[in-house]
Amino acid sequence: MTEREFDVVVLGGGAVGENAADRASRTGLSVALVEEALVGGECSYWACMPSKALLRPGDVVQQAREARGVGDPGPLDVHEVLARRDEVTHHWDDTGQVQWAEGAGLTVLRGHARFTGPRTLRLEQVDGDVDLRARCAVVVATGSTAVVPPVPGLADVRPWTSREATSAHEVPERLAVIGGGVVAVEMATAYADLGSAVTVLVRGDRLLERAEPFAGKAVAKALMQRGVRVVLGAEVVSARREPGGVQLVVQHHQHEGARTRDGSAGTRPEDLVVDEVLAATGRRPSTGDLGLETIGLEPGRAVTVDDALQAVGVEGDWLFAVGDVTGRTGTTHQGKYDARVCGDVIAARFDPREDANVSADQGAGSVPRGLTRSGEQEAGPWSRYRASADAAAVPQVVFSRPQVAWVGMTEAEARRAGLDVVVHGYDLQNLAGATVTSPEYSGRAQIVVDTSRDVIVGATFVGPDVGEVLHAATIAVVGEVPLDRLWHAVPSYPTVSEVWLRLLETAGL
């Protein structure tokens with residue numbers, strides 16, 4: 001059995017694992033990056049990048065149709081859209097990502113690793129297993145996997161998950177989407193653009209239930225205007241594949257808001273026949289086959305961490321986790337933020353340059369556990385060594401049409417947290433920048449203000465390209481900028497960003 005030692009071992013070579021490994025190596029620690037599939041992970045090949053490549057052409061067509069004098073660009077060229085998606089994913093070839101990692105001084109190891117004990121792992125490789133030992137730390141960054149709901153017969157029809165939806169090379173004539181979250185609305189938008197007859201089956205009473213209610217309503221209205229059937233209060237109770245397609249039995253639950261496109265609120269089961277089914281009902285941490293039981297953690301569960309991204313309940317301060325696997329974040333950008341914090345904590349805590357007890361011939365690999373730079377040891381909230389934004393300022397953009405972007409708390413979340421808040425909103429179509437952009441421009445902005453501190457604790461935007469407006473809100477929330485100071489941040493004219501002036505005027509400034 002081959003044995004290899006590193007200062008740090010990172011399990012998972014996706015965007016989050018890459019960032020953690022890179023930051024951890026910056027004080028001279030040796031770092032191994034373990035990946036059993038493609039280096040670059042879900043975001044690069046089956047999520048963020050390919051999904052946006054599929055969505056972008058439809059956005060451009062919509063903008064062209066609304067701009068007078070441009071003319072109707074006609075339907076999308078499906079072959080060219082899929083070809084561009086393939087280019088964005090580098091045809092599912094991770095050579096470039098591996099070259100980046102190795103150029104950053106990381107050691108890329110292929111295979112599946114399982115814990116065999118504290119700081120020890122068994123790496124299964126095609127040409128033989130390898131025992132790995134981490135002298136200082138192990139970082140779990142294995143992400144999450146899509147959940148297929150336990151509907152009788154659904155697994156047997158081989159439903160799509162987000163992976164199949166973003167990598168498909170044929171567009172189904174009829175597509176059913178089960179779910180009402182981010183993946184559901186983005187893929188419903190993309191496949192409607194590509195010519196599918198799309199039905200979205202939502203068990204609840206609205207789309208995007210984690211966003212403000214007005215956001216989900218706007219997206220549902222826009223989807224239905226483009227011919228997508230959105231069915232609220234719909235539960236898929238069985239599925240089977242037949243020669244003519246996949247037959248779903250859908251039970252409609254009558255309640256307020258459970259309306260189909262024609263305004264009815266059906267109460268009887270419906271037989272729906274489609275060519276493909278996309279299960280977009282959530283994800284779970286990928287921890288079921290990591291050997292977590294050998295270090296006192298439960299397989300299949302999220303790895304609970306503190307704000308330094310150190311695992312809770314594991315003795316020795318050596319285990320860290322970042323990204324989806326922790327259950328505290330579900331986006332690539334927030335996972336990468338956590339990874340940067342985690343990597344910085346490890347680089348500081350085990351900095352070989354500060355170990356006076358290690359002789360020159362021992363090198364960086366002999367750093368004793370627990371060596372801590374004073375800056376990390378004394379770190380508090382909002383330092384570079386603590387992921388404080390996870391609790392207060394997580395941004396999210398849904399690339400539907402219209403886009404939905406929010407950061408921080410919704411009004412309901414703020415009130416549940418015991419905050420005394422007031423809400424201010426403004427219709428984006430009243431802005432000069434919106435008028436210039438398109439005569440069809442429509443959208444809304446809303447801020448949630450903590451009246452005790454007079455600061456914004458949440459903001460939501462709905463409209464074309466509002467993801468580009470969100471970062472100003474994120475800065476306001478993270479910086480806890482008082483409204484009277486924010487008043488002096490003058491937005492340019494005529495832009496949609498002028499909404500900040502109008503929101504503050506609505507707030508009485």
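Student: How many disulfides does the structure hold?

Tutor: This is a predicted model, and the structure holds 0 disulfides. Cysteine 136 is in no disulfide, and the nearest cysteine sulfur, that of cysteine 342, is 13 Å away. Cysteine 342 is likewise in no disulfide.

Student: Is cysteine 136 buried or exposed?

Tutor: Cysteine 136 counts as buried because its relative accessibility is 0%. Cysteine 342 also has 0% relative accessibility, so it counts as buried.

Student: Now the helix. Which residues of α8 are buried?

Tutor: In α8, the buried residues are Ala215, Gly216, Val219, Ala220, Ala222 and Leu223. They cover an arc of only 165 degrees around the axis, so they lie on the same side of α8.

Student: Why would residues a few places apart point the same way?

Tutor: An α-helix has 3.6 residues a turn, so residues three or four places apart point the same way.

Student: What do the buried residues of α8 pack against?

Tutor: They pack against α7 (182-193), β10 (229-232), β18 (403-408) and β21 (455-463).

Student: And which exposed residues are on the face turned away from the buried side of α8?

Tutor: That face carries Lys217, Lys221 and Gln225.

Student: How far apart are the end C-alpha atoms of α8?

Tutor: They are 19 Å apart.

Student: What comes just after α8?

Tutor: Glycine 227 is found there, with a positive phi of about 95 degrees.

Definitions and conventions. Residues numbered from 1 in each chain as written. Predicted model: local features only at pLDDT ≥ 70, side-chain atom pairs only at ≥ 80, totals over all residues. Heavy atoms only, no water. Helix = DSSP H or I, 4+ residues; strand = E, 2+ residues; numbered from the N terminus. Expected span 1.5 Å × (residues − 1). Buried < 20%, exposed > 50% of the residue type's maximum accessible area, 1.4 Å probe, protein only. Arc of directions from axis to C-beta. Contact = heavy atoms within 4.5 Å. Disulfide = S-S within 2.5 Å.
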